[in-house]
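Hi,

Here is the structure I said I would pass on.

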Amino acid sequence: MDIQLDQKSKTEALIKINLKEADYQPKVEEKLKEYSKKAQIKGFRPGKVPQGLINKMYGKSILVEEINQMVSHKVMDYIKENDIQILGDPLPNAEKAADLDWENGKEFDFEYEIGIAPEFDLKVDSKLKVDTFSIKIEDKLIDETVANLQKQFGETTNPEVSEDGDSLYGEIIIEGDDENASGTLLDFDHVEKKVQKDMIGKKAGDVIEFDPAKAIKNEDQRNAFLATNQGLTGKIKFEVKKVNRTDRAEINQDLFDKTFGKDAVKSEEEFKEKIKVSISENYVKETEGYTELKIRDKFIEKTKMELPDTFLKKWLALSNKNNLTQEQIDTDYPLYANDLKWSLIKNKISKDSEIKVEHEEVVEEAKNMIRVQFGSMGMSEAMEQNIDSFADNYLKGEEGQNYMKLNEKVFNDKVMAHIKENISIKAKEVTADEYREKA
């Protein structure tokens, strides 16, 4: 057997294999003997079927199967032995394979296309600069949060006529479809101020006409209101069934306990400070995600690497021929290419910096994930004592896929932590509203 690498470019090559009769014939003969012993053919006792008959009946299929298996194994062995870092999978030359003369041929030639991972230079140091944001916690934001908590834990009543700050429970009227009408809530706090005036002074039985797209700007809030009527456009009719009013809870120990647990805070000052900490933690998580995205984009932008684009598009098409069209592949390829580049960058950083994931780290990540799922109030002592068993069961779930997902998360976290420690990150302080506009 002769095998050679024909380098077409830095990132694309052909693996060429020449197979002679002496390479495959022993395997084919061995398989024919196995068939002869096991074959059940009318007129012959088991194990007594002439090999010539077996060869006539099964010879070609055995030949094709054994050669294809031998060649595919040899290709992967060659890649491994020569430490070729491939992208995707080797692609056989289908046209060349179709021209093989299995009936009369003794010598066979095969070709496999491969995409090779590019070599590139990478520096993780302070010269690489990333701009991001930190969110300033304003008194206005704290006051809004307090007001929302007062409303959340307040007492709800049903007055006859609506006033500013109320909400209306009712039904969206669909002409000719009265049977499928379903209830929904129209919260004044979600409605644009200029539209709210048309909703004040309403009572059960009144019908309000408005355009949800103009009245409720927030898409999530608008979808929640429309509920099962997502496809509606333009003006709709909404029939009021009842008025809901929430008398806000007083700022006292009862509100403190309902929000953070019994005696966690003892004064309004402590209450607002704990709210500030909670908001800050949430915004830190949000801005961390934004910062990591900016880091990813900066490394992709600054790292010069050549991908085997032609090969990868062909491999994607063949791997997803039942799910993706060529047009979809061409459209989405830039996104795929950037994901691949980032993966190669992370792998190089981990190799250069000797970043590894230990089994114990994956187990600890699973434990922390389980603790979070039980909520901020924490787990009971008995449940905490069984945390090892919970983690073990989770990591064995989904046929090991859960373990692989958490292993990848720990890897990503460690690589990102290393990057953040070594590059220059400049965070500009902005308000929450400014962050929404800029991020």
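Thr-132 belongs to strand β5, residues 129-135. Strands are DSSP runs of E with at least two residues, helices are runs of H or I with at least four, and both are numbered from the N terminus. If you skip the neighbours within four places in sequence, Thr-132 has contacts (heavy atoms within 4.5 Å) with Thr-287, Tyr-290, Thr-291, Ile-425, Lys-426, Ala-427 and Lys-428.

Before you read on, some housekeeping. This is a predicted model, so to speak of local features we need pLDDT of at least 70, and side-chain atom pairs count only at pLDDT 80 or more, while totals for chains, interfaces and linings use all residues. Residues are numbered from 1 along each chain as its sequence is written, and side-chain values use heavy atoms, with hydrogens and water left out.

Now the sheet. There is an open sheet of four strands, in the order β1-β2-β4-β3, with antiparallel pairing; two strands pair if DSSP finds at least two bridges between them. The edges are β1 (2-7) and β3, each of which pairs on one side only. On average, neighbouring strands in this sheet are turned by 20 degrees against each other, direction ignored (axes are lines fitted to C-alpha atoms, for helices over the stretch in contact, and angles run from 0 to 180 degrees between N-to-C directions).

Going across the sheet, β1 and β2 make a hairpin with four residues between them, and six bridges hold this antiparallel pair. β2 covers residues 12-19, and six of its eight residues are buried. Next along, β2 and β4 run antiparallel and are joined by eight bridges, with Leu-19 partnered by Phe-108 of β4. Finally, β3 pairs with β4 (residues 108-116) in the antiparallel sense over four bridges, and there Ile-86 faces Ile-116 of β4.

Lys-10 sits in the loop that links β1 and β2. Lys-10 counts as exposed, because its relative accessibility is 70%. Its C-alpha atom is 24 Å from that of Glu-95, which is 85 residues away along the chain.

On to the pockets. A grid of 1 Å was laid over the protein atoms alone: a cavity is a set of points where a 1.4 Å probe fits but cannot get out, whereas a pocket is an open set with protein on both sides within 12 Å along at least five of seven lines, and lining residues have an atom within 4 Å of a point. Grid points are joined across faces, edges and corners, and a volume is the space filled by probe spheres set on the points.

The largest pocket has a volume of about 650 Å³. Its lining has 19 residues, and those nearest the centre are Gln-85, Ala-117, Pro-118, Glu-119 and Phe-120. β3 (86-92) and α11 (326-352) are the elements that give two or more residues to this lining, and α11 gives the most, with five. By type, the lining of the largest pocket splits into eight nonpolar, three polar and eight charged residues; Ala, Val, Leu, Ile, Met, Phe, Trp, Tyr, Cys and Pro count as nonpolar, Asp, Glu, Lys and Arg as charged, and the others, Gly among them, as polar.

The second largest pocket comes to about 510 Å³. Lys-151, Asp-187, Phe-188, Asp-189 and His-190 are the closest to its centre among the 22 residues that line it. β8 (183-187), α5 (193-196) and β10 (236-247) each supply at least two lining residues, and β10 has the largest share, with three. The lining of the second largest pocket has three nonpolar, nine polar and 10 charged residues.

Asp-263, in the loop between α8 (253-260) and α9 (268-302), has a positive phi near 60 degrees without being a glycine, and Asp-263 is partly exposed at 40%. Glu-354, also not a glycine, has a positive phi of about 55 degrees. Glu-354 lies in the loop between α11 and α12 (359-373) and is exposed, with a relative accessible area of 67%.

Cheers

Note on methods:
Buried means under 20% relative accessible area, exposed over 50%, partly exposed in between (1.4 Å probe, protein chains only).
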